[in-house]
Amino acid sequence: MTSGTAMRDIAVAAAALAILIAVPFLVHSPAFLDYIIRIAAMSLFATSLNLLVGGTGLVSFGHGMFYGLGAYAFALLMQRTQISLAAAAGCSLVISALVGLAVGAVCIRLRAIYFAFVTLAMQMLFYSIIITWQSLTGGDQGLQGGIPRRVLFGFDLNSQFHLYTVSAVVMVVGLLLLRHVSASPLGATLRMIRDNEPRTAFLGVTVWRAKLTAFVIAGVFASLGGILAALFVSGAYPELANWPISGQAIFAVMLGGVSTFLGPLAGAAILLALGDAVTRFTEYNGMVLGLVILFVTLGLRRGVLDVLTEALRRRRTGPAAGAAE
Amino acid sequence: MTKTDQRITLRRRPLLAGAAAALATPFVARAQGTAKSGTVKVGMPTILSGAIALLGTSQRNAAEMEIERINAAGGLAGRKIELVVRDSKGQPQEAARVVRELVNTDGCEIIMDAEASSAAFAVQEVIRDLGVLCIHTSSETSSLTADPKLRVATAFRCARQGVHDSIVGGSYAAKVADAKKWTKWATCSPDYAYGHDTTTQFLDFFKHFKPDVEIITQAWPKLGAPDFTEVITKLIQAKPQALFSLLYAGDLSAFINQANVYALFSNMAMFDPNMGDYPVLTAVKSLPAGIYSGTRYLENFPDLPANAAWGEAYRKRFNQFPTNWSWQNSTAWMLAEAAAKKAGSLDAKKMSEALTGLTIDCPFGVGGKVTMRDDHTLVNYAVGWGRTTPKMPYVIDIEAGDWKQLYELEAAWKKQMNYT
């Protein structure tokens, strides 16, 4: 990664953050604030998954486990201890990293479909623990009673605007860090593993170490998303850790695009907006979402952002360059 | 890029613009969100899709009937009701989002929360943040209102609840067991929090009334299990005299259908508080006579002309039977109507004050009256037990629960749980 691109990324992130923070002063829309808070959670979750899917070629079906783990660890620490919000979030991330290390150690040596299924099995195991360990997790009822939303660096998270601001900052900084990972030598190594694993090993790279590092990093950022989700619903519920949530992240990645860094963010934004819009008009939301999936997979065959960046690139380089590909 | 590609791109533009406009609707909806003058918007998050869509549809039906009646009589505090129903798919995080949207974007001033279990707790937390009036019409988990830590100043529960059913069920089962000299019992309940907690609670009260009971086996089938053979054989082999079960809805009808094949009911009596609801009673292929059944909703209990008339009106209008959720939702509207009349305004604080301790005439109450008690939960609703019969009215010989005894034991239970 050159310092030039790093500076450009930071500038883009700062501009995006400035716009996000300015919006509530220009337009009064609590629904928009809620939407961005949810995008913050979902985009960190989906982008971290894409570090595995698009960045390393590891299709994880159980990434939602970390989303749920972040939510539960954070909510439990907030409910049962008196530690500050930042400390609870920090501890939750450490817990997720440790769990990621243990789960990753089992999973990353497996390939393709076996990796996908073992990650799914791990998530279902985690979900079963949540359901069964009632005294700690509340079982299927979830963690009731709300999360005491203590003040964080002067931000009172009981206020929607403050929660929005914190979520926006966490999202932008989180995505910037993930961008940094994917542009770093580690990111390049992961892409090399994705494209040709034996050759990468032949070059002297310890493949399992690189994969495990990616798995842990992805787990930590997914649980950061889970923490935001827990703050939004003021609790933690088994649905945040069940397999459909992993499916949502996979769909966000596919919808937005695997080969563009911001693809999963775009996918998450479209998916959430689509879900909200469809729910407003009909109870047959499953059918509508199914049709959209069909349209994207059969019609576009790539993520929305992949198609757009490709079109832009073609326009810039002229039709000849595009046709030559 | 070829010419064909260009054409496709050009056609895509209006499509994309249309899609973007549709997706942006929630953010611009604010402008139309506030209710038309003279009306009040009431939001109802519920489950309209999936396996328990009936939970939502049977409440929406009840709401429609009540709103029509209230609007014809002048509305709530002079304002006509406009109902906004939204599907949460039963997911707590979606329920929380939907309620925020209903209040913040659609401008709903009251929330009729028709969410089940964990989603109701998620809604409760949103209400704590937003401070609007909310009446929960499905959640039967006692802690929602019994635990002072969970209570919210503007949130109420208008639904039956676990501890009430356990007390009445325990008392009734003990009476029958005494008369029949049944001491060997088994249990068979779904393997998750509700099944375990409520079975334990029922057994506590049952043993309070009849200490010489012996529980010889306990089966915990998985929720939504298609095959109960293993459970049924286990129960038959244990040879209990009676079985207590908390299976409900589809699981309960599937269990009875399969248990019929093994002649389970000729070997033991069965007690299930969730039996007495028409969707279950009518789903069983050949309903055995004599299953001891709690009354969730029945047209013949409470035996009041107003209840029978309401049930019949519902059936005629929607061509299906009402459910337990229907009467609960209906009662919530009646309470809101009376509270609005008392408060003279729909302000959440004034409405909450008016609702607290409010007693109204209601077709589903003991003696035609129900009360929203000081701890924000419904009491004096009809709760009883009877025996099934294969044809309408499906449940007969119904004995009403004793609310005096119920209050005493409930108070003791609250103390034991450190709620008071």
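Predicted model: local features only at pLDDT ≥ 70, side-chain atom pairs only at ≥ 80, totals over all residues.
**Group meeting: a walk through a two-chain model**

Hi everyone, let's start with one residue, A:Asn242, which sits in the loop between α10 and α11 (243-256) of chain A. Residues are numbered from 1 along each chain as its sequence is written, while chains are lettered from A and ligands numbered from 1 in the order in which they are written.

Back to our residue. Is A:Asn242 buried or exposed? It counts as buried, because it has 20 C-beta neighbours inside 10 Å. The cut-offs are 20 or more other C-beta atoms within 10 Å for buried, 12 or fewer for exposed, and partly exposed in between, with C-beta atoms placed from the backbone. Leaving out residues up to four places away in sequence, A:Asn242 touches A:Gly64 and A:Tyr127; a contact means C-beta atoms, placed from the backbone, within 7 Å. A:Met122 is 120 residues from A:Asn242 in sequence, yet their C-alpha atoms are 11 Å apart in space.

Now the whole of chain A. It has 15 helices and two strands. Its radius of gyration is 20 Å, close to the 20 Å that the globule rule gives for 325 residues, so chain A is as compact as a globular protein of that length. That radius is taken over C-alpha atoms, and the rule is 2.2 Å times the number of residues to the power 0.38. Of the 325 residues, 50% are buried.

Chain B, please. Here we have 16 helices and 15 strands, and 52% of the 420 residues are buried. Its C-alpha atoms fill a box of roughly 80 × 65 × 45 Å along the principal axes.

In chain B, seven strands make an open sheet with mixed pairing, in the order β7-β6-β8-β9-β10-β14-β15; strands pair if DSSP finds at least two bridges between them. Why do β7 (214-219) and β15 (395-400) of chain B each have one side without a neighbour in the sheet? Because they stand at the edges, each with a single partner strand. Strand β6 (residues 184-188) of chain B runs parallel to β7(B), joined by five bridges, and B:Thr187 stands opposite B:Gln218 in β7(B). Helix α9 (residues 229-238) of chain B packs on this sheet, touching β6, β7 and β8 (242-245), and its direction makes about 165 degrees with that of β7(B). For angles, axes are lines fitted to C-alpha atoms, for helices over the stretch in contact, and values run from 0 to 180 degrees between N-to-C directions.

Last stop, where the chains meet. The contact takes 36 residues from chain A and 33 residues from chain B. Which helix gives the largest share of the side of chain A that touches chain B? That is α12(A), with six residues. By class, this side of chain A has 13 nonpolar, 15 polar and eight charged residues. Nonpolar covers Ala, Val, Leu, Ile, Met, Phe, Trp, Tyr, Cys and Pro, charged covers Asp, Glu, Lys and Arg, and the others, Gly among them, are polar.

Key: Helix = DSSP H or I, 4+ residues; strand = E, 2+ residues; numbered from the N terminus. Contact = placed C-beta atoms within 7 Å.
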